[in-house]
Amino acid sequence: MLELKNITKKFGSRTILNKLNLTILDQEILAIVGPSGAGKTTLLRCLSGLEKVDSGQFLWNNQEFDPTEPSKDNQITGVVFQSYELFPNLTIIDNITLAPRLVLKEDNSQALQTAKQLLHDLDLTGKEELYPYQLSGGQKQRVAIARALAMKPQILCYDEPTSALDPALRAKVGEIILQLKNNNKMTQIIVTHDMDFAHQVADQIFTVKALDFKKVD
Amino acid sequence: MNYIISIMPSLLSGAKMTLILFLWTLIISIPLGIIVSLGLISHFKIIRAILKFYIWIMRGTPLLLQLIFIFYGLPIIGIIFQRYNAALFAFILNYTAYFAEIFRGGFQSVPGGQYESAHVLQLTKWQTLRHIIIPQVSKIVIPSIGNEVINLVKDTSLVYVIGLGELLRAGNVATARDVTLVPLVLVGIIYLLMTGIASFILKKIEHSYSKWK
């Protein structure tokens with residue numbers, strides 16, 4: 001179970017998140033929705049350690065943790081970025097195995113085996129030796145999912161997963177998210193402005209409201 | 001033909017000096033250029049200001065002036081270089097500035113998301129640089145570095161002015177002595193060979209980066 005308590009995040013004097021509280025149960029899919037600029041992505045970035053919060057606590061199974069200082073033994077979050085951010089200079093298989101080899105110190109065969117299984121589960125068999133530019137948008141996204149999963153996170157976070165996809169692919173990523181919930185028992189957080197998608201896949205929907213901030217020039 | 005054979009040793013020994021200057025300048029300036037470029041994109045204002053000033057001077061004044069300044073100028077205030085050291089020093093200072101600007105552009109054109117995705121995968125700064133950023137920067141900068149490398153081959157002829165026995169000087173001496181164009185034509189051919197080989201190697205390197213985009 002992940003709990004966020006009184007999370008406050010400011011950029012300068014602009015308050016983006018104000019004393020936000022949120023609980024996500026294991027194996028649950030949470031969709032974070034809200035208008036543009038309300039801080040959905042900021043919340044995700046705080047949770048994944050890309051931004052430091054100004055105050056508040058993150059608790060994983062009642063233990064406080066600092067997302068900006070992750071430990072390799074207990075990776076809480078994995079992230080699938082809106083633009084996927086695959087490494088263009090590495091093949092698909094290297095994209096997936098790089099961090100497990102360097103960070104988790106997995107040996108080559110172990111990392112390869114995990115990666116191949118993930119590629120198989122995500123319908124990407126045969127793409128191992130290709131480079132990211134040779135894949136379609138939907139395929140790149142699935143590689144990004146595989147890359148995040150290879151680090152064995154507790155929670156997988158998606159930033160706007162449907163924004164660049166056509167309707168068929170949108171349905172497919174929805175299926176994958178549900179498949180990860182049912183087969184991999186994965187807890188997932190989806191930041192999206194796509195309300196239909198949120199209703200389709202999420203167990204819980206959390207709305208971030210835009211704060212009335214004072215803008216300082 | 002006999003004449004060509006007779007002047008070849010002096011031309012080749014000149015070409016050897018040219019090559020030595022060329023190689024040492026590259027070997028030292030490229031890593032220094034990377035370090036300076038990291039300084040240029042660092043958060044330390046003072047370092048950035050100093051480096052920008054240095055680059056402005058190096059790119060804003062002629063390399064010929066820099067050579068003359070170091071070899072003939074600095075002794076006036078008591079700093080004396082040997083000819084070869086003066087030449088190498090001037091080239092390294094000058095080329096480091098150009099390489100630094102090229103690498104700065106390279107580093108800045110890698111999207112921020114690449115650093116972020118490496119960060120959430122818990123790669124260290126060094127692992128991120130080594131496996132993700134430097135390969136991408138290399139691909140971006142190779143064409144521009146290639147231009148500078150070709151320029152460097154030709155710029156080495158400037159050390160003529162401080163009396164260092166390089167290729168152009170060897171050719172000029174022979175032409176003046178023997179009143180014939182042949183040595184200068186040969187000098188031209190040797191430069192073409194050197195720039196040709198450099199271009200060929202650069203093309204090969206560029207090609208090895210073309211398998212990904």
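Guide: Welcome! Contact means heavy atoms within 4.5 Å. This is a predicted model, in which local features need pLDDT of at least 70, side-chain atom pairs count only at pLDDT 80 or more, and totals for chains, interfaces and linings use all residues. Residues are numbered from 1 along each chain as its sequence is written, chains are lettered from A and ligands numbered from 1 in the order in which they are written, and side-chain values use heavy atoms, leaving out hydrogens and water.

Visitor: How many residues does chain A bring to the contact with chain B?

Guide: Both chains take part in the contact. Chain B gives 18 residues, while chain A gives 24 residues.

Visitor: Which three residues supply 32% of the area that chain B buries against chain A?

Guide: About 2,100 Å² is buried between the chains, with 61% from carbon and sulfur atoms. Buried area is the accessible area (1.4 Å probe) that two parts lose on being put together, summed over both. On chain B's side, more of the area comes from this trio than from any other three residues: Val120(B), Leu121(B) and Gln122(B).

Visitor: Which residue forms a salt bridge with Glu116(B)?

Guide: A salt bridge is a side-chain nitrogen of Lys or Arg within 4 Å of a carboxyl oxygen of Asp or Glu. The rule finds 1 salt bridge across the interface of chain B and chain A. For Glu116(B), the closest N and O atoms are 2.6 Å apart, and the partner is Arg45(A).
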